[in-house]
Protein chains: 2
Amino acid sequence: MSRIHVTLKDIARVAGVSTATASLALAGDPRVNVKTKRLVEEVAKRLNYVPNEIGRSLRAKKAETIAFIFPNSPHFAFTHPYFSQLLEGISEVLVENSFHLMLSVAPSEANESAAYDKILRNRRADGIILWPASIRDRNIMKIVESGFPVVYLGRWHHEEIATVEREDIGGAYKATDHLLKQGRKRIVHLSGPQEYQVSIDRLEGYKRALQEHKVLLDPAFVMEKDFSMEGGAEAVKELLASGMRFDAIFSANDRMAIGAMKELQESGIRIPEEVAIVGYDNIEMAAMMSPGLTTIDQPMKEIGRLAAAKMMAMLSEEDVGELRTVVPARLIIRGTA
Amino acid sequence: MSRIHVTLKDIARVAGVSTATASLALAGDPRVNVKTKRLVEEVAKRLNYVPNEIGRSLRAKKAETIAFIFPNSPHFAFTHPYFSQLLEGISEVLVENSFHLMLSVAPSEANESAAYDKILRNRRADGIILWPASIRDRNIMKIVESGFPVVYLGRWHHEEIATVEREDIGGAYKATDHLLKQGRKRIVHLSGPQEYQVSIDRLEGYKRALQEHKVLLDPAFVMEKDFSMEGGAEAVKELLASGMRFDAIFSANDRMAIGAMKELQESGIRIPEEVAIVGYDNIEMAAMMSPGLTTIDQPMKEIGRLAAAKMMAMLSEEDVGELRTVVPARLIIRGTA
DNA sequence: AAAGTTAATTAAAACGATTTAAATTTTGAA
DNA sequence: TTCAAAATTTAAATCGTTTTAATTAACTTT
């Protein structure tokens, strides 16, 4: 029941010095006498002193905390299968630097702006790592323009901001290219909502690959869904109902790909013989499907680490290096294509 | 670039009152004159005042923050498929109460103790929601005994601590009972590491069901693995190699169940005709398997909400209600059993 | 009009640390 | 011994808020 906290004042009193000396001693300031320093350290250790970070923060005007913000609806953010990997990477670097991680979810679209504002100004966090919101989200712009240290986890249209980006256009290109090289010509693209930059970019990569291979883009082959398994299944139902012929699917994420796969298998369509599939994300489930889902892997944990490291550099005003970091995508070939 | 912060002092100066009055006015204290109150509010709004929570915390000795701690190795915690649901539930309640969420991962076994200690004493968080660690973890005990407000997300052996628990024994009983009622007698249990309470409890539920149905427990049928898909696959390999006959598997989690399923299917064993399977957790992947995995569902988001709500009650010294809350498990019947 | 209430405001202390500038002690040289 | 310089130590201010106790102003009562 050690609810009474040992403060610096206690240390000073016991050691018989002023709080100033105690503070300086513990900070390792060369001005304090070595003997005094030892004494203070000994007392601090004996009394089990843990500095109150709130007090320290107030004075230092630093919180030693970074906020990880999801502008999306909480549900959407948390159900991202790779969300936890991202968090793991960020977390690791922060722990190494004795920083705290604050998780921040915009409660609702309505008070989103106010929520950001608060984090931005109440000084609870020194910097923000931002997950891409809808490209229509004006709040993001506000955060970025505030001059607050920000690392954005996606592609940003202006030069001045630090980002760690996935190679979405390139990844989509690799996926589509892989299908084309197998002689597939009628490739359906299951796209995510076009209000997200990733969806736009993955569609772009798909288009570029088609162009490269001189395959004409059929607009009816691009189906915009919502990244869910149900969405993938739905798309296949629509395709089958329409009677359109297709020999491959490139899905903008694994979950839609898996939904599509399931629907195809239930309709007795053989994968990959009749329809080849490539997904995106390489979630754990992908390897467990029969046949295994060919997909694009992105090292999300590494992205988290890079983002956090970049933030640390920004805060310590070290050299941040390249403002934009692009993490390459990798094609994982399994059974579906 | 609004990096200069508006403080209460600024508000007071502009409104022509003392900081004390400004503070009182904004806090809605009845002592301040209505006109003054309106004036201060107007100024605060106009200058876009956001109170500095660090200053407030220092004075109030409250951080308006709760920490969510994983005593396990970070990797283990984050790869829990339902980790994000838990987080979502906690997050929702905290946002409703204007609390912040601090995520805390013990960097390594070695400095685990120091890490907890720090959170406990540096007053960055007002309370801790604790994910179950190994039952051998002494640090947990220390946190709990410190008298710090704690909500433990599992079964605790002492009376005095607030918990939100899953119905593990009951859930395992339901799963095993379901298999027994289908006439399965040779039921293998894929257990998790016995250093975790959930593993112990799920094994216990399995045993109780067997006993209830007067089926003798064969110790060779209890296989301790590590909760991974690889572990599940491995278990099946061992079983097949040993030549032991078995007609069902009750796995302590879905991931092992899926690994086992995959291995069985690759060996040409029909599910559920030859071997029935019941998993545990109802992860998203479970529904996507062919056949769909029968499993036990636990509303992890709800558990998160309950835990956070309990913490809020503890901090505001309201009636916490039952100290122990047990959330019932539900059998989801799909194709594997 | 004096005394007593009540209402409204504010000065000042407090939270727990850091840091600057000033004060004190120690040291070394003359 | 004396004094300046160097080495230590400390008083006090500061960060931004809240809260207590004191003060002032306004209003009632006799």
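User: Which residue of E2(B) is the bridge partner of Met102(A)?

Analyst: Keep in mind that this is a predicted model, where local features need pLDDT of at least 70, side-chain atom pairs count only at pLDDT 80 or more, and totals for chains, interfaces and linings use all residues; side-chain values use heavy atoms, without hydrogens and water. Residues are numbered from 1 along each chain as its sequence is written, while chains are lettered from A and ligands numbered from 1 in the order in which they are written. Helices (H or I, at least four residues) and strands (E, at least two) are DSSP runs numbered from the N terminus. In strand E2 of chain B, the bridge partner of Met102(A) is Met102(B).

User: In what sense do E2(A) and strand E2 (residues 100-105) of chain B pair?

Analyst: Two strands pair if DSSP finds at least two bridges between them. Here E2(A) and E2(B) have 3 bridges. The sense of their pairing is antiparallel.

User: What area is buried between chain A and chain B?

Analyst: The size of an interface is often given as the accessible area lost when the parts come together. Buried area is that loss (1.4 Å probe), summed over both parts. Carbon and sulfur atoms give 58% of it here, and the total is about 5,200 Å².

User: How many residues does the contact take from each chain?

Analyst: Contact means heavy atoms within 4.5 Å. Chain A gives 53 residues, and the number from chain B is 53.

User: Which residue of chain A forms a salt bridge with Arg255(B)?

Analyst: A salt bridge is a side-chain nitrogen of Lys or Arg within 4 Å of a carboxyl oxygen of Asp or Glu. The count between chain A and chain B is 4. In the one that involves Arg255(B), the closest N and O atoms are 2.7 Å apart, and the partner is Glu284(A).

User: How many residue pairs are in polar contact across the interface of chain A and chain B?

Analyst: A polar contact is a pair of N or O atoms within 3.5 Å; within protein, one must be able to donate a hydrogen and the other to accept it, and residues adjacent in sequence count only if both atoms are side-chain atoms. With both residues at pLDDT 80 or more, the number of pairs across this interface is 16.

User: Now for the DNA: which element gives the largest share of the surface near DNA strand C?

Analyst: A residue is near a strand if one of its heavy atoms lies within 4 Å of it. DNA strand C is surrounded by 25 residues, with Leu8(A), Ser23(A), Asn52(A), Arg59(A) and Thr36(B) the closest. The largest share, 4 residues, comes from H4(A).

User: How far is a base oxygen of DNA strand C from an N or O atom in the side chain of Arg59(A)?

Analyst: Other parts of DNA strand C also meet the protein: a phosphate oxygen is 2.7 Å from a side-chain N or O atom of Thr36(B), and a base nitrogen lies 3.0 Å from a backbone N or O atom of Gly55(A). For the base oxygen and the side chain of Arg59(A), the distance is 2.6 Å.

User: Which residue has a polar side-chain atom 2.7 Å from a base oxygen of DNA strand D?

Analyst: Of the 24 residues around DNA strand D, those that come nearest include Thr36(A), Leu8(B) and Ser23(B). A polar side-chain atom of Ser23(B) lies 2.8 Å from a phosphate oxygen. The residue 2.7 Å from a base oxygen is Arg59(B).

Key: Buried area is the accessible area (1.4 Å probe) that two parts lose on being put together, summed over both.
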